[in-house]
Amino acid sequence: MPQVNIIDHPLIQHKLAILRDQSTGPKEFRELLDEISLLMAYEVTRDMPLEPVQVRTPVGTATARMIAGKKLAIVPILRAGLGMVGGILNLIPAAKVGHIGVYRDPETLQPVEYYCKLPTDIEEREIILVDPMLATGGSAAAAIRFIKERGARGENIKAMHLIAAPEGIARLQREHPEVPLFVAAVDERLNEHGYIIPGLGDAGDRLFGTR
Ligand code: PRP
Ligand code: URA
């Protein structure tokens with residue numbers, strides 16, 4: 001079974017507290033999500049392989065280390081996942097970005113797929129799937145299925161979410177047990193409408209100022 005990595009760095013937890021607050025407006029919400037995503041990406045990429053390189057300094061030669069291995073793709077789930085892309089790109093500007101459009105049918109809570117555009121060499125990349133909310137897990141499970149259908153191996157995918165419900169974690173572990181999860185918080189439960197309690201409300205609406 002994959003581990004569930006809870007990233008409880010004080011800066012992330014502090015910013016998440018402000019993000020959850022119902023009085024935080026879209027501008028501050030976007031800025032905070034951007035900052036938290038950068039900080040989370042720092043942990044999510046901790047196991048990237050390094051290779052030795054020789055670097056000429058002004059006074060000698062250093063044996064230093066640089067990132068080796070597979071290149072990275074960031075794949076946000078539309079819409080709310082978009083809010084996590086900029087922060088990661090600040091850290092890893094060479095990453096390519098794929099997009100997967102999935103929304104939850106408000107009645108059935110089932111994922112409805114409407115868009116998928118991934119880098120053509122997706123099967124050769126390390127992939128970070130991003131979406132702030134992992135509620136029932138239906139959207140993330142469907143997105144991982146899309147990525148696998150285009151040739152990527154589950155072992156090369158990591159799922160990064162801000163807040164997860166226990167139900168969503170269980171579903172991803174059941175359907176994609178090889179995909180490790182990185183979250184900033186695991187909340188109590190889902191309500192009857194599939195919202196994470198206490199959560200932060202509708203992430204897409206809070207990001208983009210819709211209702
Ligand atoms: C939200 C969120 C996730 C999904 C999580 O998106 O951003 O994608 O719900 O719920 P699940 O784990 O039960 O599938 P939503 O469907 O509201 O679409 P939006 O981002 O376009 O608002
Ligand atoms: N999607 C959201 O944006 N928020 C939730 O609490 C659940 C699903």
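G204 counts as buried in this predicted model because its relative accessibility is 5%, where buried means under 20% relative accessible area, exposed over 50% and partly exposed in between (1.4 Å probe, protein chains only). G204 belongs to helix α6, residues 203-208; helices (H or I, at least four residues) and strands (E, at least two) are DSSP runs, numbered from the N terminus. Beyond its neighbours within four places in sequence, G204 is in contact with R79, A80 and T210, contact meaning heavy atoms within 4.5 Å.

R79 and A80 also approach ligand 1, as the table shows. Each row is a polar contact, that is, a pair of N or O atoms within 3.5 Å.

| Residue | Part of residue | Distance to an oxygen atom of ligand 1 |
|---|---|---|
| R79 | side-chain N or O atom | 2.9 Å |
| A80 | backbone N or O atom | 3.3 Å |
| A135 | polar backbone atom | 2.9 Å |

On its own, ligand 1 has 500 Å² of accessible area, of which the protein covers 90%; such areas come from the Shrake-Rupley method with a 1.4 Å probe, and for residues only the protein chains shown count as cover.

Y114 lies in strand β7, residues 111-117. With a relative accessibility of 44%, Y114 counts as partly exposed.

Residues are numbered from 1 along each chain as its sequence is written, while chains are lettered from A and ligands numbered from 1 in the order in which they are written. In this predicted model, local features need pLDDT of at least 70, side-chain atom pairs count only at pLDDT 80 or more, and totals for chains, interfaces and linings use all residues, while side-chain values use heavy atoms, leaving out hydrogens and water.

Note on methods: A polar contact is a pair of N or O atoms within 3.5 Å; within protein, one must be able to donate a hydrogen and the other to accept it, and residues adjacent in sequence count only if both atoms are side-chain atoms.
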